[in-house]
Amino acid sequence: MKMKIYLVLLLLSVSLTLGLAKVSAKVSEKSGSIQYYLPENTIYSDKISPPKSILGFQVGQLHARHDQVVAYMRYLAEQSPKVSIIDIGKTWEQRPQILVVVTSEENQQKLNEIIAERSQPLMNNKSQSPLVIWLGYSIHGNEASGTNASLLSAYHLTAKTDEQHEQFLKDTVVIIEPSLNPDGYGRFSTWANNNRSINLAADPMDREHMEDWPNGRTNHYRFDLNRDWLLAQQPESKARLEWFHKLKPHVLGDFHEMGRNSSYFFQPGVPSRQNPLTPTENYEITDKIARYHAKTLDNAGSLYFSKQGFDDFYYGKGSTYPDINGGIGILFEQASARGHLQNTINGPLSFPFAIKNHFLTSLSTLEGAYAQRDQLIDYQQRFYDKAETEARNDNTRAVVVSDDGDPARALAFVDILLRHKIKVFQLSTKIKINDTTINNGYVIPFGQPQYRLIKSLFETRTRFSDNTFYDVSSWTLPHAFNLPFGNIDRRNWREKLLGIEITAALPQEGKVEAKAKVAYAFDWNNYSAAAALNFLLNKNLNVRVARKSFSSDTSSGEQKFALGSIVIPVGSQTMPAEDVHKIINTAALNFHIPISAINSGYSITGIDLGSRSMKVLKAPKPLLLTGPGTSSYDTGELWYLIDRHIQMSLTQAKLADFSKLKLRSYTHLILAEGNYASLSESQVESIRSWIKDGGVLVAMKSATKWAVDHKLINVSFNQQEQEQEQEQDNQPSKDAKAYASIDNDDAQKIIGGSIFSTKVDTSHPLAYGYKRDFLPVFRNHTLIMNASANPYATVVRYRNEPLLSGFVSNDNLEKIANSAMMVAERKGKGSVILILDNPVFRGFWYGSSRLFINSLFFGHSFRNPASP
C-alpha cells in the first residue's frame with residue numbers, strides 16, 4: 001500500500017514538474033517574440049527597431065535595467081522626429097528622471113510654445129490646444145511590469161505608421177514617464193534578474209519572489225513616492241510636479257501592481273469614496289474611458305474589476321493628484337508576478353502577461369481619451385473657471401498662516417504651496433484670528449486657479465459619507481507644520497493684508513551679530529537650529545542648553561533667550577576665540593540662523609551663563625535598528641530626518657545583527673515601528689544595563705509597548721479594555737448583523753490616518769522650542785498609552801476633545817482622550833523615551849518631529865522627582 005501511495009505521489013510530482021516546465025517554455029516562447037504584445041494588423045516602420053535591439057533580449061525575458069530603458073528611449077529620440085526627451089531631474093542615487101514626449105513632428109517643432117501656453121494658470125484657445133496624455137509607470141519600483149510596458153508603448157507610438165495614427169499624434173501630446181521611481185526599480189530589477197533561474201521557478205516561496213528588506217517599492221530613503229505627490233518631500237516628486245504643472249495633462253495613467261492572486265483593476269473605483277472636492281464629471285469621464293479598457297481586456301481574455309477596492313480620496317497619489325488639478329487620474333493595478341513566473345490561484349502568472357495587460361490598457365487609455373478629446377479639453381477649462389466662481393462665492397476669502405517665529409519651518413511649508421502653483425503673499429500687517437494674533441506670516445487668497453487644492457490642504461473635515469479609506473483621511477498642511485492658521489471671512493477681508501508675493505522659498509540670511517566677548521547664543525525654535533547644533537558639537541565646541549530663560553546684554557542690546565536656547569561660551573573652548581568665531585560664523589551662514597553675541601556672563605534677568613542650569617551637551621551617536629521586523633517606511637523617515645535635516649551621522653544596523661553590536665559605542669538606541677520579539681531576554685538585559693549606564697532609548701509606535709512589556713519604563717497600556725473587547729468578541733452575539741455591513745463595521749475599528757490635538761508640557765527639556773502647549777500630531781494606530789504615575793514624566797498628552805481632522809470612531813475617540821502621547825523617564829544615568837505616534841510621518845510633519853530631535857540632543861537634560 002505504501003509503495004502504491006509513493007508511486008502516485010511520484011507521478012503527481014513528475015506531472016507537476018513537467019507542467020511547470022511547459023509553462024516555463026510557453027513563457028519563453030511568448031517573450032521571445034514582440035508579436036505577443038503588439039496589436040494585430042498593425043503596420044510598424046522598419047526604420048524603428050523594437051526594444052530588443054537595445055536591451056539584447058526580448059521584453060519580458062528579463063527585467064530591463066533602468067539604464068537600458070533610458071537608452072532605448074534616447075535611441076527613439078535619435079531615430080524619430082516624433083520623439084524628444086526631457087531630462088527633468090535626478091534621484092538621490094543620481095539616476096536620470098526622464099519624460100519621453102511623443103507627438104507629431106510639427107508639434108515637436110513648437111513644443112516649447114505648447115509648454116509655455118499650458119504653463120499658464122488658465123488655458124485659452126482650447127480648440128488649438130492639443131490633448132495631453134501622461135502615462136506614468138511603476139512609481140512603486142517592484143511593480144515592474146509598468147516600466148517594461150513603457151518600452152512597448154514608446155515603440156508602438158513611434159513606429160506605427162497609418163494615417164489615423166498620424167492624425168492622433170497631430171492632435172495629441174503623449175508623455176511617457178517610464179519609471180517614476182528609478183532607484184526603487186533599480187533595486188528590484190537587480191534582485192529579480194539576480195535570482196532568475198533558466199528553468200523559471202514559479203513557486204511563490206522561491207527566493208526570486210521573496211525580496212530582501214527593504215524591497216523595491218520605495219525610493220532611496222524608503223519613502224513611498226505614491227504618497228508624495230501632495231507632500232513634495234523627495235526630489236523625484238519635486239521634479240515631476242514642476243513638469244506636471246508645465247504640461248497640465250488632461251489624463252494621467254498611473255500603472256501599478258497588486259497581489260499575485262488578483263486579476264486586473266482600472267478605475268473609476270468605488271463611487272462613494274471619491275473626494276467631495278472632485279467634480280462629479282470627473283468620475284463620469286473616467287467611467288467612459290473605462291469602457292475602452294474593458295473592451296480591450298475582454299478581447300485579450302483578461303479578467304478585471306473596476307468599482308471596488310480602491311478609492312480616489314487622498315490627493316497625494318498619482319491617480320488622484322490630477323483630479324484636483326483639472327485632469328483625470330486613472331489607476332491601473334495588475335496582479336504581480338514579482339519576478340518572471342509565479343503560481344497563483346488563477347494559474348501560472350508570467351511577467352510577459354503582466355506587461356501585456358499594462359501595454360494594452362496604455363493603448364486603451366490613449367484611445368478612450370482621444371475619443372473624449374473635446375470633453376476633456378473643455379472639462380479642464382471649466383474646472384478652473386468654476387473654481388474661480390466658487391472662490392468668489394465662498395464666504396472665506398483667504399487663509400492666514402503664522403510663521404510661528406520659525407522662518408525655516410514656515411518656508412518649508414511655503415515651498416510645498418509654491419510647488420503646487422499656489423499663490424502666497426507676505427502678511428502685511430498683524431491680524432487677529434479666533435483669539436490668536438498673527439504678527440508675521442503668510443496669506444493664501446482663495447481667489448486663484450488652485451482654489452480647490454487650497455481647500456483640500458487647509459480643510460479640517462471630520463464627517464465623511466464613506467468611512468472606509470484606502471489611505472489617510474486627513475492631511476491638513478499647517479497642522480503638520482504646527483503653524484497657527486485661520487480663515488479670513490468676507491466681512492474681515494481686506495486687500496491691504498496682501499504684502500509682497502512670495503515666488504520662491506528662499507531661506508533667510510544667517511549672520512552673527514559680532515565677535516562675542518563672553519558667549520554666542522541662538523534660539524532653539526528655529527528648525528535649522530538642530531543642524532547648526534550638530535555641526536558645532538562635531539567641531540568639538542563646548543555647547544550648552546539653557547534649562548531656564550534669561551536675558552543678556554548683546555551687541556544689539558538687551559535680548560531675551562527662552563529655555564532651550566543654545567549657548568557657546570567663548571572662554572570654555574580649547575581653541576582661540578578667533579577660531580571659535582569662524583566656526584560660529586560658518587554655522588550661521590550654512591544653516592541660515594541668526595546668532596547673538598553676548599558681552600557679559602552676568603545676565604540682566606534670569607540665570608547667568610555659568611549657572612548649573614546651563615547643561616553641557618554631547619554629540620549624539622545614534623543607532624537605528626532596521627531590517628526585517630521593522631517598518632521600512634518609519635525607519636526610512638527617521639533616516640531622512642537625521643541625514644538630511646539634522647545632517648548627523650547615523651548607524652543603521654539590522655535587527656538580526658543585534659548580538660554583534662557594542663551598545664556602548666552609541667548614545668541612542670532608536671526603535672521605530674516594528675516587531676522586536678526576536679530580541680532575547682539576555683539582549684533585553686543588555687539594553688537595560690546600557691540605559692542604566694547612560695544610554696537613551698527612544699521607542700515609537702508599537703516599539704513603545706515592547707519597551708513597556710519588558711519593564712524598561714514604568715508605564716502601562718490600556719490593555720484591560722482590549723481584553724474585555726476580546727472577551728466580548730468570544731461571547732454569543734445578541735444583535736444580528738447583515739454580512740454586507742462587515743467592511744464598514746471593520747472600518748470603524750481602524751484609524752487609517754487622522755490628526756489629533758495634544759497638550760505639551762513646554763517647560764520639559766524634550767519640548768524645548770515649542771512656544772505653545774497646543775501640538776497637532778498624526779495618528780494611524782489604536783494603541784492607548786496611559787499617563788505615567790510620575791507626574792512630571794508625561795511630556796505630551798491628548799486633549800479631552802482631541803480630534804482635529806479626519807475620521808475616527810466615537811469608541812476610539814473616547815479611548816484616546818486624555819491618554820499619553822509621549823512619556824520620558826530617567827533610568828540610572830540614562831533615559832527611556834516613548835513617543836506613541838510617528839513624529840516624522842512621511843517626512844512632512846515638521847511640527848511633531850521636534851519631539852524626536854529633542855530626544856537626540858536633550859535626552860539627559862531632565863530628571864526624575866526626588867524620592868519621598
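This is a predicted model: local features need pLDDT of at least 70, side-chain atom pairs count only at pLDDT 80 or more; totals for chains, interfaces and linings use all residues.
View 1. The structure holds 40 aromatic pairs. In one of them, Trp 229 and Tyr 321 have ring centres 5.7 Å apart and planes at 40 degrees, so the pair is tilted. Trp 229 and Tyr 321 are both buried.

**View 2. Stacking of Phe 481 on Tyr 846.** The ring centres lie 4.7 Å apart, with the planes at 25 degrees; the pair is therefore stacked. Phe 481 lies in the loop between α15 and β15 and Tyr 846 in helix α24, so parts 365 residues apart in sequence are tied together. Both residues are buried. Ring pairs join them to Phe 413, Phe 458, Phe 485 and Tyr 527 in a cluster.

**View 3. An open sheet of five strands.** The order is β15-β10-β14-β11-β16, with antiparallel pairing. β15 (485-489) and β16 (498-502) are the edge strands; each has a single partner, so one side of each lacks a neighbour in the sheet. The twist averages 35 degrees from one strand to the next. Three bridges join β11 (residues 424-427) to β16, and Phe 425 stands opposite Glu 501. Helix α13 lies across β10, β11, β14 and β16, at about 20 degrees to β14.

**View 4. Ser 855 in helix α24.** Ser 855 is buried, with a relative accessible area of 0%. Its contacts include His 668, Val 696, Leu 766 and Met 822.

**View 5. Charges over ring faces.** Lys 356 lies over Tyr 36, at 4.6 Å from the ring centre. Arg 826 lies over Phe 862, at 5.9 Å from the ring centre.

Technical notes:
Residues are numbered from 1 along each chain as its sequence is written. Side-chain values use heavy atoms; hydrogens and water are left out. Two strands pair if DSSP finds at least two bridges between them. Helices (H or I, at least four residues) and strands (E, at least two) are DSSP runs, numbered from the N terminus. Axes are lines fitted to C-alpha atoms, for helices over the stretch in contact, and angles run from 0 to 180 degrees between N-to-C directions. Contact means heavy atoms within 4.5 Å. Buried means under 20% relative accessible area, exposed over 50%, partly exposed in between (1.4 Å probe, protein chains only). Rings of Phe, Tyr and Trp (its six-membered ring) pair if their centres lie within 6.5 Å; planes under 30 degrees apart count as stacked, over 60 as edge-to-face and the rest as tilted. A charge sits over a ring if NZ of Lys or CZ of Arg is within 6 Å of the ring centre and within 35 degrees of the ring normal. Lists of a residue's contacts leave out its neighbours within four places in sequence.
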